[in-house]
Structure formats: structure tokens, C-alpha cells
Amino acid sequence: MQVHKYDVVIVGAGGAGMRAAIESGQRARTAVLTKLYPTRSHTGAAQGGMCAALANVEEDNWEWHTFDTVKGGDYLVDQDAAEVMAKEAIDAVLDLEKMGLPFNRTPEGRIDQRRFGGHTRDHGKAPVRRACYAADRTGHMILQTLYQNCVKHNVEFYNEYYVLDLLIVEEDAVREDGTPYQQKRVAGVVSYDLASGELHVFQAKAVVFATGGAGKVFKTTSNAHTLTGDGMGIAFRRGLPLEDMEFFQFHPTGLAGLGILLSEAARGEGAILRNSEGERFMERYAPTIKDLAPRDIVARSMANEVREGRGAGPNKDYVLLDLTHLEPAHIDAKLPDITEFARTYLGVEPYTEPVPVYPTAHYAMGGVPTNIKGEVLQDNETIVPGLYAAGEVACVSVHGSNRLGTNSLLDINVFGKRSGIAAAEYAKTAEFVELPEDPAAGTVALLDAVRNSSGTERIASIRADLQETMDANMQVFRTADSIAAALADIEKLRERYKNISIQDKGKRFNLDLLEAVELGFLLDLAEVMTVAALHRKESRGGHYREDFPDRDDVNFMKHSMLYRDPDAETEGIKGIRFGTKPVVFTRYEPMERKY
Ligand SMILES: Cc1cc2nc3c(=O)[nH]c(=O)nc-3n(C[C@H](O)[C@H](O)[C@H](O)COP(=O)(O)OP(=O)(O)OC[C@H]3O[C@@H](n4cnc5c(N)ncnc54)[C@H](O)[C@@H]3O)c2cc1C
């Protein structure tokens with residue numbers, strides 16, 4: 001086992017991790033550990049855009065953007081965080097422009113902007129053009145640009161290093177009011193080098209988690225195979241809370257039956273959703289902004305059309321995205337990749353035929369709780385000094401119960417930058433925390449348990465069953481019965497997981513071993529999501545309970561905070577403690593959410 005020492009260790013080389021690294025790398029000795037080669041991170045799959053109220057093509061301002069974000073998130077958004085994000089959005093885009101990102105331009109040479117769901121002018125009056133973009137490969141351009149700039153600033157990368165543990169020590173401490181508590185401090189991380197199978201311990205003054213999302217909890221998803229929520233899982237196992245995990249976003253337009261994403265940019269450029277009768281059904285559900293309503297509303301409307309028998313296709317199980325009225329040249333210029341996906345994967349020609357689409361699991365609104373500096377919370381009052389999180393792994397919370405399209409590429413840039421600066425500044429004055437004795441012991445035990453297990457269960461089969469039940473029971477419509485059914489299945493799968501075996505027992509490139517570990521994270525997270533969903537007896541944003549169809553601000557206008565705690569029990573599940581955290585309000589009172 002090797003031990004390395006850095007001021008700052010960043011876990012993850014997606015947009016959030018690399019944006020943090022650019023800042024930290026110029027201020028402190030920084031290493032980036034990533035399980036994927038950096039430019040393979042999921043940020044590179046992002047299509048439609050990154051929003052900022054530049055007002056390049058239409059009147060706009062950051063206050064309208066803040067309002068849209070708060071309303072889009074169904075008022076569960078921490079409004080101080082949303083204000084920071086909307087204000088700093090403008091610099092975030094200009095930073096990328098200066099780094100060399102090739103944005104689409106207006107004829108005058110300004111950064112062009114397009115429409116996206118839920119982004120409006122003057123508090124909901126009409127859609128506004130706020131999303132900056134590079135055709136339909138905005139994320140690809142962001143990721144490449146950030147990587148090049150990391151190289152320029154000599155950031156050190158440890159590629160295909162899987163972080164499997166966070167080293168935390170606890171100290172006795174006393175709060176201002178005199179009550180004693182255990183203060184957590186970060187000492188470093190433990191990682192597994194895929195190529196050699198060796199463990200590497202990284203001691204660090206500051207650690208930034210930027211490990212991305214957890215979409216692989218579901219079967220039909222836009223997310224890459226690698227999005228297994230490792231960062232959330234590791235933090236949870238180390239006693240840190242997870243916030244608002246019941247809120248998972250289903251993107252309306254996944255290719256039917258496959259889940260591969262067709263960006264909302266299609267509707268931003270004028271595409272229309274239709275049911276089997278050819279009706280533009282969003283006119284009924286969101287009369288003002290129609291197809292450009294927020295994703296939770298559009299996804300539910302689509303599912304409702306299918307349930308009421310107006311689905312298209314032989315099984316009437318999808319709706320249609322119609323681009324046929326758009327000029328082929330316009331489609332080629334603005335949406336080249338996604339229209340090619342429709343041709344390749346469904347054999348449909350978007351110039352002349354509507355594309356079959358259905359909601360696909362897309363984005364985790366919840367995650368590791370942080371404040372606006374990116375500092376991770378160990379409970380409502382206390383941060384963990386030296387520990388930061390940014391991007392999809394984190395919950396700031398700027399997305400509340402439903403994220404607006406293009407706000408995530410923005411989030412990773414704004415809060416990636418903030419956490420990179422904060423981590424490096426912290427490292428300048430902080431001391432290293434002494435590593436625990438035998439720092440890799442937990443990781444060795446975790447890996448040995450998988451390697452030496454000689455059961456009969458296969459990883460792929462447990463994962464498939466997990467994804468099946470999550471799709472069936474935790475999708476856009478939920479009830480107490482469906483959630484409980486998912487939870488019962490998850491408990492059975494956790495039992496089966498104790499009886500696994502893997503075929504590859506070797507040291508080098510042992511993906512069998514790592515997929516088993518990743519499945520462990522997915523099972524933990526699925527349990528947390530369902531417990532939180534069962535507990536939230538209201539409908540808000542991406543969490544829709546048919547048995548409680550209304551938003552209930554009296555009882556549920558608060559964040560969920562779930563902790564791993566052997567002495568606790570929540571919704572009949574032992575080992576999970578439930579808490580809440582107040583929502584931060586600045587200027588927006590909750591209103592009825594109409595579009
Ligand atoms: C198909 C698709 C299209 C999208 N389009 C848009 C869009 O147009 N606009 C928008 O705003 N949002 C979009 N999103 C959402 C947005 O792209 C993501 O939320 C965002 O890019 C996440 O960035 P990230 O840096 O947090 O994580 P990622 O980019 O997912 O990076 C995670 C990093 O963590 C590393 N990692 C993970 N686990 C470990 C571990 N155990 N050890 C070490 N490293 C680890 C990985 O190697 C990777 O480098 C889209 C998402 C998808 C899936």
C-alpha cells in the first residue's frame with residue numbers, strides 16, 4: 001500500500017471536479033482521483049446547454065433566473081444558494097469562454113442563447129432564451145475545455161483510481177450552548193488503482209467530492225453505466241447525512257424503451273410533444289409555456305397520456321416528439337447529435353417522422369448536503385472542516401425538488417469553482433489530520449468480503465432486479481403501496497447481496513470486483529431514496545404521491561436528512577435515522593405552481 005500526501009484531493013474529474021481543480025491547482029498542491037479517464041465523465045454527455053441571464057438575445061436578469069429556479073424546484077430550493085448560482089452564472093459562462101469554449105454565436109458574434117423548460121421572462125410570462133450552448137454537445141465542449149485547462153495548470157491526475165473510502169476522525173467538541181458532540185474531521189481518502197489492484201491512501205488537508213450522480217439505481221436512464229453514486233454511498237457509510245434523496249428527476253424525452261436522452265433543446269428549438277391522436281397535449285397541462293414547462297410536469301403529463309390510453313405505438317406506451325415542422329438545415333445546425341441518436345437507435349428519420357419518447361431517470365436532486373461555500377455538513381449546525389462537495393453528488397440545494405434544464409452544467413461550474421477555491425484556501429492554514437491507524441483496513445475488509453464470498457448470486461442479476469423494481473415502483477407516479485413494494489424488494493436484494501460470488505479473482509483490471517462494490521452503493525442509495533419517499537406524504541416537484549396529490553407546506557416544507565445509525569429505525573428500516581433541515585427563504589413566498 002502506498003501513501004501520498006497532497007494539500008487538496010479532488011475525487012472525480014467531471015465538470016465539477018475539474019472546475020474545482022483549475023482553482024485549487026493554482027493555489028495549492030492538488031491531486032484529482034478519478035475512476036474514469038477525465039474526458040469520459042458523464043458531463044461530456046450533456047447536450048442542451050448551460051444557462052445564465054446574459055441577456056444577449058432577449059431581455060433577462062439574474063433575479064428572473066433565481067425566481068424560475070425556486071419555482072421550478074417547487075419552493076424546496078434554498079433561496080440564498082439559488083441567488084448565488086444565478087448571479088455567478090454570468091461569470092461562469094464568461095470564464096469558460098475565456099478558457100476557449102466554442103459556444104454557438106449570434107450573427108453579431110455574441111454567445112447565442114436558446115429556450116429551455118421553466119426558464120421564463122418576468123416571473124413566468126413567457127419562455128426566455130437563457131441557455132448558452134454548443135450545438136447539442138455543450139457538455140462535451142465544457143469537459144474538453146476544462147480538461148485542457150487542468151493540463152495547462154499542471155493538475156496531477158490519478159486516472160482509473162476508484163475512491164472507496166473517506167477517512168474521517170472524530171473529536172470531542174462542545175457547541176456554543178454547551179452541549180457536547182463529536183466533531184468529524186477529514187484526513188484523506190483510500191483508493192483502488194484499477195490497473196494494478198493496489199490500494200493507495202491519500203492524506204489531504206482538504207477533500208472535494210465531485211463524483212456525480214446515481215442514475216443506475218433505475219433501469220431506464222439517461223445516465224452512464226458508471227453513475228453508481230459512489231460518493232453519496234461512501235459519505236453515508238461514514239455517518240454523513242444525505243439530503244432530499246426522494247427527489248429524482250425523470251427527463252421527459254428519453255428514446256422510448258431505451259432511455260437514451262434527447263435533449264430538451266429539441267423543444268427549446270420548437271419541437272412539440274403529441275399523443276396518439278396528434279394532439280399537442282401540453283396545452284392542457286401548462287397553457288402558458290406548454291412543452292417548455294419544467295420536467296416534472298411534462299414527464300407526469302406524458303405518463304398520464306399513456307395511462308389514459310392516448311399513448312402511441314403498437315403497445316400505446318410512449319408519446320411522440322415532433323420535429324417535422326422544423327427546417328432540416330436548422331435541425332442539422334442545432335441538434336445534430338440527438339437526431340442522429342433517433343436514426344441510429346430507433347431507425348426513425350426526425351425530418352419526416354415523429355420520434356417515440358418516454359420519461360427516463362436522469363438526475364439526482366438530492367445528495368451530500370453542503371452550504372454555499374461547498375462545505376459538507378455533518379448535521380444541520382456543523383460542517384466537517386476540510387470536506388467539500390460539488391456537482392451532482394452534492395445538495396446545496398439549488399434544485400429543490402426539481403431541477404430546471406441547464407441548471408446542472410451551471411451548478412457544477414459555479415459550485416465547482418467555489419469549492420475548489422475554498423478547499424485550497426482552507427489548506428493554506430490547516431494542518432494535516434493524522435491518519436487513523438491502518439487507514440486502509442475498512443477498504444481491505446470491503447474488497448475481501450467480495451473476493452472471498454462464494455455464494456450463488458450474480459451481481460448483474462441483483463442489479464437488474466433492483467433497477468426493475470425501482471422503475472416499476474419509484475417512477476413518476478408513486479403510492480405508499482408502490483414505494484413499500486420497492487422497499488421490500490430492496491431488503492430481499494440486500495440479503496441476496498450477502499450471498500454473491502464474482503468470477504474474476506485477479507488483481508489487474510478487475511471490473512467484476514468493482515461492479516460488486518458499486519452495486520453495494522446502489523443498494524444503499526435505493527434504500528435511502530425509498531425510505532425518504534415513503535416518509536414524504538405529499539407531492540412536490542419530482543416526487544408525486546397519488547395518495548397525497550397536493551403539496552403540503554405545513555408539514556413538508558423542509559429538507560429530508562437521512563443518516564446511517566445502527567440504533568435508529570425509520571419506516572420500519574433498521575439502521576436509518578430520519579431528520580429534517582429548514583429551507584432557506586430570502587424573498588420568495590411559496591405560491592401555487594402554475595405554468
Ligand atoms: C445524457 C445527459 C445529458 C445532460 N444534459 C445536460 C444539459 O444539457 N444541461 C445541464 O445543465 N445538465 C445536463 N445533464 C446533467 C449534467 O450533465 C450532470 O448533472 C453533470 O454533468 C454532473 O457533473 P459532475 O461533475 O457532478 O459529475 P460527472 O460528470 O458525472 O463526473 C463524475 C466524476 O466522478 C468520478 N467518480 C465517480 N465515482 C468515483 C469513485 N468512486 N472514485 C473516483 N472517482 C469517481 C468519475 O470518474 C467522474 O470523473 C445531462 C446529463 C446526462 C446524463
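# Briefing: ligand shell and salt bridges

Both Glu23 and Arg19 are buried. They lie 4 residues apart in helix H1, about one turn of the helix. The model is predicted. Its salt bridges come to 59.

**Around the ligand**

- The shell around the ligand has 39 residues, and Ser41, His42, Thr43, Glu392 and Leu409 come nearest.
- It divides into 16 nonpolar, 19 polar and 4 charged residues.
- Helix H11 gives the most to this shell, with 4 residues.
- Elements that each supply at least two residues include helix H1 and strand E7.
- The side chain of Ser41 has an N or O atom 2.7 Å from a ligand oxygen.
- A polar backbone atom of Leu36 is 3.0 Å from an oxygen atom of the ligand.
- The protein buries 97% of the 1,000 Å² that the ligand exposes when taken alone.

**Salt bridges between elements**

- Lys184 and Glu170 form a salt bridge through their side chains, at 2.6 Å from N to O.
- This pair links distant parts of the chain, with Lys184 in strand E8 and Glu170 in strand E7.
- Lys184 counts as buried because its relative accessibility is 10%, under the 20% cut-off.
- Glu170 is partly exposed, at 42%.
- Glu198 and Lys507 meet in a salt bridge of 3.0 Å, N to O.
- Both sit in loops, so the pair ties together parts 309 residues apart in sequence.
- Glu198 is partly exposed at 34% relative accessibility, and Lys507 is partly exposed at 46%.
- Shared partners join several residues into one salt-bridge network, among them Asp74, Arg300, Arg540 and Arg593.

Notes: Residues are numbered from 1 along each chain as its sequence is written. This is a predicted model: local features need pLDDT of at least 70, side-chain atom pairs count only at pLDDT 80 or more; totals for chains, interfaces and linings use all residues. Side-chain values use heavy atoms; hydrogens and water are left out. A residue is near a molecule or strand if one of its heavy atoms lies within 4 Å of it. A polar contact is a pair of N or O atoms within 3.5 Å; within protein, one must be able to donate a hydrogen and the other to accept it, and residues adjacent in sequence count only if both atoms are side-chain atoms. Accessible areas come from the Shrake-Rupley method with a 1.4 Å probe; for residues, only the protein chains shown count as cover. Ala, Val, Leu, Ile, Met, Phe, Trp, Tyr, Cys and Pro count as nonpolar, Asp, Glu, Lys and Arg as charged, and the others, Gly among them, as polar. A salt bridge is a side-chain nitrogen of Lys or Arg within 4 Å of a carboxyl oxygen of Asp or Glu. Buried means under 20% relative accessible area, exposed over 50%, partly exposed in between (1.4 Å probe, protein chains only).
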